[in-house]
Every structure is written in structure tokens, then in C-alpha cells.
Amino acid sequence: IYKKATKSRICSSKEKGKILSFPNSAIDAIYGKNYKAPLTLALCKKCGQVQLKEIINPDLYKDYNFTAENISVVKNWCQILSGMISVDYKGKKEILEIGSGDGYFAQLLSEENNVLCVEPSDKLARKARQNFKLKIICNYFDRTLNFDKKFNIIVARHVMEHVENINEFVEKIIENIQANGTIIIEVPDLREILSANNYANLFHEHINYFSPKSLSKLFKPYGF
């Protein structure tokens with residue numbers, strides 16, 4: 001039900017050190033099943049990337065339909081962030097949201113902008129279309145996707161921690177952002193997880209754990 005990563009997803013180095021390990025951890029968000037697997041957090045000594053060694057077979061998540069947008073604190077943050085975008089970027093913009101979930105954040109953005117969504121979950125994509133009439137491509141954000149325009153703003157909220165081919169993912173973003181465009185990335189903060197011993201935020205769905213430093217290293221080759 002899982003495979004093991006043998007190198008850093010950012011720099012491909014095999015020089016890794018183990019931070020911590022749980023030998024038999026329940027696999028979260030697989031409903032009605034009781035799968036378990038090791039959970040090993042490793043640090044690349046070359047680039048500083050922190051990641052899980054174990055990668056769960058994505059077929060186990062085919063019925064995944066969790067979305068945090070129905071949690072009040074997340075909903076409030078979506079409203080704050082969309083308001084910040086509205087203030088900072090005047091006029092109608094072309095916006096791409098990667099991993100749009102149930103569409104709540106995208107519909108806030110669509111009040112003043114042209115928004116296109118990419119969402120791999122068929123259940124969530126259907127829900128977003130029904131509730132908000134959004135334009136959604138039901139697919140992973142990968143090399144198979146082609147767009148007929150570039151975007152002023154690309155948003156990926158709580159997506160990159162799930163992505164195995166992280167360099168390909170970033171390259172695809174860079175390929176589709178306009179010159180002087182804005183990329184908005186939201187991920188759990190590794191510093192907070194470690195400093196507060198917040199191990200509840202370590203689970204198999206999240207195979208990457210970023211800090212501002214590691215995100216900067218990831219985007220630096222592309223001029224960010």
C-alpha cells in the first residue's frame with residue numbers, strides 16, 4: 001500500500017537524515033478502512049527539504065472528499081485572503097486555483113475575477129460546479145494539462161504538501177504565470193510543527209513539509 005522515497009524531491013540527493021519515525025501509523029482520510037503504514041520524517045542534508053519516506057498508493061484516496069472550507073476558521077481565512085487579493089490587485093484578473101476543493105475560495109475570487117479551477121477529486125469538482133457554477137478541470141495539475149492563456153495570479157492552497165513530483169509541479173506553475181504575475185502558496189509551516197511538537201500535523205497525506213527557507217530554495221531557480 002506504499003512505496004519508499006529514496007531521494008530528496010527537490011534536489012534528488014540521497015543524503016538524508018531521519019528526524020523521527022512512527023513504525024505503525026494509521027493512514028488518515030481513508031474512510032471505513034483500517035490501513036496502517038510506517039511514517040518516517042526525513043531531512044535532506046543537501047537542500048534542507050523535509051519529507052516523508054513513505055508514499056501511500058494514491059488509489060487508496062480515490063474516494064477522498066475532505067474539504068476544510070466547511071470549518072469556520074478556514075472559511076474566515078478564505079474571506080480575508082480573497083479580500084486582500086481584491087485590495088492589492090485592482091481590475092478583473094485571470095486567476096488559476098490549483099486544488100480548489102469544494103470551490104468556496106474560488107467562488108469568492110470569481111465575484112471580481114475570471115477564475116479557472118483544477119481539482120482532481122471528481123466528487124469535489126461536481127459539488128463545486130453544482131454549488132457555485134465554476135469552471136473546473138477535473139484532473140491533476142501536471143504535464144498533461146494545457147491552458148489557452150497565462151494567468152495574473154496562480155493560487156495553490158494546501159496542495160504542495162501532497163505533491164510527489166514537486167519540481168514538475170513548480171515548473172508547470174512558472175510555465176503558466178504571466179510576466180510580473182503573482183503566485184500564492186499556502187502550506188503548513190514546518191517550524192511551527194517542530195517547535196510546538198505538533199505531531200498531529202504529521203500524516204501520510206502530507207509527504208512534504210516546508211519552511212520559508214525550503215520554499216525559497218524551491219522557487220529560486222525560477223527567479224522568485
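These notebook entries cover the nonpolar cores and salt bridges that I looked up in a predicted model.

I number residues from 1 along each chain as its sequence is written. In this predicted model, local features need pLDDT of at least 70 and side-chain atom pairs count only at pLDDT 80 or more, while totals for chains, interfaces and linings use all residues; side-chain values use heavy atoms, with hydrogens and water left out.

Entry on the cores. I took a nonpolar core as a set of buried Ala, Val, Leu, Ile, Met, Phe, Trp, Tyr and Cys residues joined through side-chain atoms within 4.5 Å, where buried means under 20% relative accessible area, exposed over 50% and partly exposed in between (1.4 Å probe, protein chains only). The largest core holds 27 residues, and Ile98 and Phe141 are among those touching the most other members. Helix H4 (166-176) is one of the elements giving two or more residues to this core, and H4 gives the most, with four residues; helices (H or I, at least four residues) and strands (E, at least two) are DSSP runs, numbered from the N terminus.

Entry on salt bridges. With a side-chain nitrogen of Lys or Arg required within 4 Å of a carboxyl oxygen of Asp or Glu, I count seven salt bridges. Arg157 pairs with Glu186, the closest N and O atoms being 3.2 Å apart, and this pair links strand S9 to strand S10 across 29 residues. Arg157 is buried at 7% relative accessible area, and Glu186 is buried at 16%. Asp122 bridges to Arg126 at 2.9 Å between the closest N and O atoms, and both lie in helix H3 (residues 122-132), four residues apart.
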